Each structure stands twice: as C-alpha cells, then as structure tokens.
Amino acid sequence: MLHKPDILDHISTGIVALDAGLYVLAINSAAEVLLEASATRALGAHARQLVLQSREFLQTLEQARDTRATLARRGLTLTTHSGQDIQIDLIVTAMTGEGGDYLLLELIPVDRLQRISREESMLHAQETTRAVIRGLAHEIKNPLGGVRGAAQLLAKELPNEELVEYTRIIIREADRLRDLVDRLLGPNHRLVIEQSNIHEILEHVRNLISAEVDNKVTISRDYDPSLPTLPADRSQLIQAVLNIMRNALQAAEDPEACHILLRTRSQRQFTIGGQRHRLVCRVDIIDNGPGIPQDLQQAIFMPMVTGRPDGTGLGLSIAQSIVNRHGGLLECASEPGNTRFTLYLPMEHSNAETR
C-alpha cells in the first residue's frame with residue numbers, strides 16, 4: 001500500500017497513484033481540487049469513477065500499464081462530475097514497488113495557468129480603473145460643493161419664492177450627483193474583520209432574496225459542511241452576495257422560473273493576483289437566466305456597465321470591490337441558461353484589507 005507524503009499536499013500539480021487494476025491508492029490535495037473529488041470518495045475507486053467521459057483518459061492509463069512506459073498527453077480534456085470541463089497535461093509513469101506495479105499520474109492544469117495570467121491582468125486593470133474613478137471623483141466633488149454652496153447663498157438673497165425653487169433644484173441635483181460619485185467609489189470604510197461562517201452569510205442572503213419575491217424563486221444549496229470559518233466583514237460579504245443574487249433575479253423574466261444554486265467548496269494551493277494561498281473558500285452562485293451578452297462579459301464589473309435599461313451598473317462593481325478588499329477574487333462565466341459567479345475568499349487573516 002502506498003502512503004501519500006504530506007509534502008505532496010503543498011504542490012500545485014495533481015498527483016494520483018493507481019494500482020495495477022487502476023484503483024486509486026493515493027491522491028493529493030491539488031488532484032482533489034482539480035477533479036472535484038475528495039480523498040474519502042476517491043480512495044479505492046476505479047480511475048473511471050474520477051471523471052466523466054473517461055475513455056481517452058483510461059486508454060492512456062491502460063497503455064502505460066501494459067507497456068510499462070511513461071506516457072504524456074498534452075491538452076487532454078476531462079469532465080468532472082459537476083459537468084465542468086478542465087484541460088490538463090497528463091503524465092503517466094509506470095512504477096514497481098514492494099507491493100507490486102503502480103501508476104503515478106501527474107495532472108497539470110493548463111487552463112488554470114492561463115487563468116492566473118488573465119486574473120493578474122484583470123486585477124491590474126481593476127486597480128487602474130479604481131484609481132481613475134478616485135481621481136474623477138475628486139475633480140467632480142470639489143466644484144460640485146462650490147455649486148451647491150453658491151446655490152444656498154443665492155437662495156437667501158432671492159426675494160421671489162418661485163426663483164428660490166430653482167436654487168432648490170440645483171441643490172437637489174448637486175446632492176444626487178454627489179451620491180452617484182460616492183456609489184461609484186464603492187464601500188470605503190474600514191473592514192470589520194471577524195471569524196465568519198460563509199454558510200450563515202449565504203443563508204441570510206437567501207432569506208432576503210426569497211422575501212423580496214414572496215418565496216417565488218427557487219434557491220438550491222450544495223454546501224460543504226466541513227468548511228471552517230474565515231476572516232471577513234460579515235455585513236460587506238452579505239452586500240456582495242446580495243448584489244450578485246439580486247442581479248440574477250432581476251435578469252429572470254419571471255421569478256417563478258428563476259433557479260439559483262449556492263455551492264461552497266474548499267480549494268488548496270490557489271493563486272490570486274500572484275499570491276498563492278494554502279486554503280481558500282470557493283462560493284459558486286449559479287442561475288438559469290438568459291445569460292450575459294457576449295459583448296458585455298469582459299466589462300460587467302466596470303462601473304455603469306449594465307445590460308438592463310433600468311440598471312445602474314454598480315451592483316457587480318461594488319461586489320467585486322468588496323471581494324477584492326478581502327484579498328479575494330470574483331469571476332464570471334456565462335452562457336444562456338447557465339451563469340456562474342464564483343467568489344474565492346482566502347481563509348488566512350493576513351489577506352483582508354482593513355483600511
């Protein structure tokens with residue numbers, strides 16, 4: 001029987017050991033995350049049970065076992081049991097040990113490396129956008145304050161009440177523009193970090209959304225009960241999740257036809273913005289709505305970008321800002337009938353911004 005060294009849990013390459021019958025003897029944390037298969041379920045299972053549509057995968061394993069050769073398959077596509085396609089480079093090495101013949105599988109997630117590069121570019125672009133907005137806010141709010149003050153002084157000098165009403169309009173519009181600029185900037189107060197239960201947060205938002213539409217929406221849950229608490233600002237995370245779920249609800253033509261799935265998982269050795277985290281909490285918010293138009297998908301987190309005539313385009317921008325301030329990442333993948341927002345939240349204290 002092979003024993004998995006603890007050191008294998010600290011590398012990003014997925015490692016799986018199989019016996020001659022192609023039954024799983026060992027699996028490291030990276031492979032568990034990649035294949036969405038816990039060690040408890042995977043150990044002792046046949047290799048065909050690790051993924052869906054496993055024909056090419058199994059053929060490679062059988063060929064390596066029968067020829068006792070090391071084989072490599074580049075760009076192999078596997079389908080996990082959740083239906084997600086992943087692209088990997090697979091290296092299979094035949095080995096002989098005290099207990100007999102074994103296969104050692106190395107699973108290198110090609111798409112994840114590409115996503116890390118894309119995420120770093122996205123985070124850089126987001127920070128640049130926020131810097132531009134902060135600069136514009138400063139340039140707008142200063143003269144806006146002068147306009148409002150001048151209107152107040154003018155109102156005191158005007159003898160005619162009808163003319164004073166015009167100054168009230170100026171003051172109201174100046175206040176409206178000031179509030180809009182503040183919303184563009186997003187939450188800017190200090191995060192109040194405490195150990196929070198992500199499932200309590202999701203349940204709170206689920207109840208809020210259900211109440212908004214008189215329980216007409218269907219909200220399913222697929223929680224990982226083993227997830228520990230994480231350091232977070234509870235009220236801010238509630239706002240982020242609420243914005244995303246409300247966006248799904250508003251995109252639906254009819255609340256009764258709207259189905260939202262809340263799913264939680266843990267992921268190990270996950271990279272966000274160039275920093276690798278030992279453990280992160282992954283939250284998927286999936287809806288069956290019409291999807292996000294292709295031409296908007298690259299810009300949905302930008303302020304004022306929306307596909308709805310009555311939308312403000314600020315909900316997702318604010319949600320992203322909150323997640324980023326927690327040291328996390330917010331991603332989106334969308335097609336008609338399946339839109340998935342994924343939050344990655346580090347579970348270490350040092351990653352949350354507290355300023």
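Student: Which residue just after H8 takes a positive phi, and of about what value?
Tutor: This is a predicted model. The residue is just after helix H8, which spans residues 315-325. It is Gly327, with a phi of about 80°.

Student: Is H8 mostly covered or mostly exposed, and how many of its residues are buried?
Tutor: Buried means under 20% relative accessible area. The buried residues of H8 include Leu316, Ile318, Gln320 and Arg325. H8 is mostly covered, and the buried count is 10 of its 11 residues.

Student: How are H6 and H7 oriented to each other?
Tutor: Two packed helices are described by the angle between their axes and the distance between the axes. For H6 (residues 198-212) and H7 (residues 234-251) the angle is about 45° and the axes are 9 Å apart. Angles under 35 degrees count as roughly parallel and 65 to 115 as roughly perpendicular. H6 and H7 are therefore oblique.

Student: What residues, by class, make up the contact of H6 with H7?
Tutor: On the H6 side, Ile201, Leu202 and Glu212 are among the residues that meet H7, whose own contact residues include Leu237, Val241 and Arg246. By class, the contact has five charged residues, one polar and 11 nonpolar.

Student: In E4, which residue is the bridge partner of Thr77?
Tutor: Strands E3 (residues 71-79) and E4 (residues 85-97) pair in the antiparallel sense over seven bridges. They form a hairpin with five residues between them, and Gly83 in the turn has a positive phi of about 90°. The partner of Thr77 in E4 is Gln87.

Conventions: Residues numbered from 1 in each chain as written. Predicted model: local features only at pLDDT ≥ 70, side-chain atom pairs only at ≥ 80, totals over all residues. Heavy atoms only, no water. Axes fitted to C-alpha atoms, helices over the stretch in contact; angles between N-to-C directions. Helix = DSSP H or I, 4+ residues; strand = E, 2+ residues; numbered from the N terminus. Parallel < 35°, antiparallel > 145°, perpendicular 65-115°, else oblique. Contact = heavy atoms within 4.5 Å. Nonpolar A, V, L, I, M, F, W, Y, C, P; charged D, E, K, R; others polar. Pairing = 2+ DSSP bridges. Buried < 20%, exposed > 50% of the residue type's maximum accessible area, 1.4 Å probe, protein only.
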